[in-house]
Amino acid sequence: MAQLRGIGKREFAGRRRNLMALMEPNSIAVIPSARQQYRNRDTEYPFRQDSDFLYLTGFQEPDAVLVLVPGRRHGQCVLFCRDRDPARELWDGYRAGPEGAVERYGADDAFPVSDIDDILPGLIEGRERVYYSMGRSRGFDTRLMGWVNSIRERESSGAVPPGEFTDLDHMLHELRLVKSAGELRVMRRAAQVTAEAHCAAMRACRPGLYEYQLEAELAYAYARGGARCPAYPAIVGGGANGCILHYVENSERLRDGDLVLIDAGCEYHGYASDVTRTFPVNGRFSPAQRALYEVVQAAHAAGIAASQAGNHWNQPHDATVRVITEGLVDLGLLRGRVTKLIKDGAYRDFYMHRAGHWLGLDVHDVGDYRVGGEWRLLEPGMVMTMEPGIYVAPENTRVAKKWRGIGIRIEDDVAIGADGPEVLSAGVPMAPDDIEALMAA
């Protein structure tokens with residue numbers, strides 16, 4: 001399997017060095033890969049590597065273990081992986097093997113994973129601290145503790161077991177939070193392919209189609225653009241289904257006069273995109289749909305404007321809340337003073353989620369939103385989504401009938417830059433007139 005496109009051995013080696021620089025002296029880190037998962041009986045899901053393992057290695061095979069041993073004389077980066085096996089490769093595809101792990105992936109040392117029981121305990125012995133993400137894999141947790149216990153059993157003969165276990169997640173996820181130039185290039189392409197897919201769905205849309213037929217347009221556009229899989233199950237919600245935040249059935253017929261909300265993004269060489277557009281099934285917004293849409297569009301613009309390096313994480317969200325609350329008051333869906341409505345959370349009946357989340361190797365990417373109990377400051381290289389929305393429940397009898405069952409969300413992928421935010425997914429139309437023009441073309 002190939003490495004991640006756009007990111008070479010040198011960058012992966014730098015990531016490992018950065019992690020080891022944060023580790024305590026005389027320590028060791030153990031990071032297992034993902035395992036192949038079965039869909040049913042003997043049919044496997046397409047393999048997706050564990051994101052932490054992928055970040056540190058670029059290695060995209062199952063049943064591997066990365067071991068980082070700062071200061072080890074014979075090499076600090078040790079990779080255990082499946083050995084070459086021509087018979088299995090005939091059925092399952094090529095393997096790198098230990099030789100390929102060194103030559104192609106930059107490991108200092110590599111061994112067949114079948115030898116890990118004999119080798120890894122010797123690497124752990126004498127180390128004061130083990131860095132490991134406990135609780136992700138019960139099976140591997142048990143194996144690791146078995147290796148440590150085998151050292152403890154030999155204490156009387158001079159073996160020295162580790163004294164501490166430390167969770168690896170915080171250090172590693174802080175490194176993942178700020179993207180490199182290479183990562184940003186890959187994420188721009190992911191967003192570009194996703195934008196092309198959303199445009200294809202808009203062009204194909206018409207009354208009478210089923211939601212899943214628009215989902216098919218997305219899948220085709222992803223593959224055509226080099227993205228073999230979605231970053232998450234697509235949400236294609238027509239009419240009131242657009243008010244269900246994580247609607248994934250995508251089974252209903254699209255009706256003339258309704259909106260359709262599509263929340264979908266591809267995964268491109270490991271990196272996710274996450275884009276939402278809402279548009280009229282028949283290609284023309286009704287006055288009520290356009291009025292609500294323009295409130296969300298204004299909130300989206302306010303959130304983007306607040307996504308500046310040096311602002312804290314919650315400022316963009318606060319900006320969207322104010323604009324949406326003001327808009328709901330102007331349209332008569334809320335009544336009262338805007339400041340008090342915000343304080344009381346009255347807007348949450350219509351806007352019940354956050355304005356965004358981190359984006360990267362995971363669609364809801366890693367990284368703390370608070371540091372020391374305070375909202376963290378945005379820094380160049382961070383990537384986030386901006387996704388305000390308004391959802392008027394079909395059964396909400398407190399508002400005029402014309403608003404009921406309308407769900408609208410607008411979402412883009414935004415990279416924080418030193419000179420301001422960069423909208424990675426700007427290639428898909430957002431303004432109502434532009435959407436209508438694309439659908440009419």
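The model is predicted: local features need pLDDT of at least 70, side-chain atom pairs count only at pLDDT 80 or more, and totals for chains, interfaces and linings use all residues. Residues are numbered from 1 along each chain as its sequence is written, and side-chain values use heavy atoms, without hydrogens and water.

**Exercise 1. Describe how helix H8 (residues 181-204) packs on helix H9 (residues 211-224).**

Step 1. Two packed helices are described by the angle between their axes and the distance between the axes. Axes here are lines fitted to C-alpha atoms, for helices over the stretch in contact, and angles run from 0 to 180 degrees between N-to-C directions. Helices (H or I, at least four residues) and strands (E, at least two) are DSSP runs, numbered from the N terminus.

Step 2. The axes of H8 and H9 come within 8 Å and cross at roughly 145 degrees.

Step 3. Now list the contact, meaning heavy atoms within 4.5 Å. H8 contributes Val193, Thr194, Ala197, His198, Ala200, Ala201 and Ala204, while H9 brings Leu214, Glu217, Leu218, Ala221 and Tyr222.

Step 4. Sort these residues by class: Ala, Val, Leu, Ile, Met, Phe, Trp, Tyr, Cys and Pro are nonpolar, Asp, Glu, Lys and Arg are charged, and the others, Gly among them, are polar. The H8 and H9 contact then has 9 nonpolar, 2 polar and 1 charged residues.

**Exercise 2. Classify the packing of helix H1 (residues 9-22) against helix H7 (residues 169-177).**

Step 1. Start with the geometry: the axes lie 10 Å apart, at an angle of about 140 degrees.

Step 2. Apply the classes: under 35 degrees is roughly parallel, over 145 roughly antiparallel, 65 to 115 roughly perpendicular, and the rest oblique. H1 is therefore oblique to H7.

Step 3. Look at who meets whom: Arg15, Asn18, Leu19 and Leu22 of H1 touch Met171, Leu172 and Leu175 of H7. By class, this contact of H1 with H7 holds 5 nonpolar, 1 polar and 1 charged residues.

**Exercise 3. Locate Asp63 and His269, and give the phi of Asp63 and of His269.**

Step 1. Asp63 sits in the loop between helix H2 (51-57) and strand E4 (65-68). Its phi is positive, about 55 degrees, although Asp63 is not a glycine.

Step 2. His269 belongs to the loop between strand E12 (266-268) and strand E13 (271-272). Phi of His269 is near 50 degrees, a positive value in a residue other than glycine.

Step 3. Check accessibility: Asp63 is partly exposed because its relative accessible area is 27%, and His269, at 24%, is also partly exposed.

Technical notes: Buried < 20%, exposed > 50% of the residue type's maximum accessible area, 1.4 Å probe, protein only.
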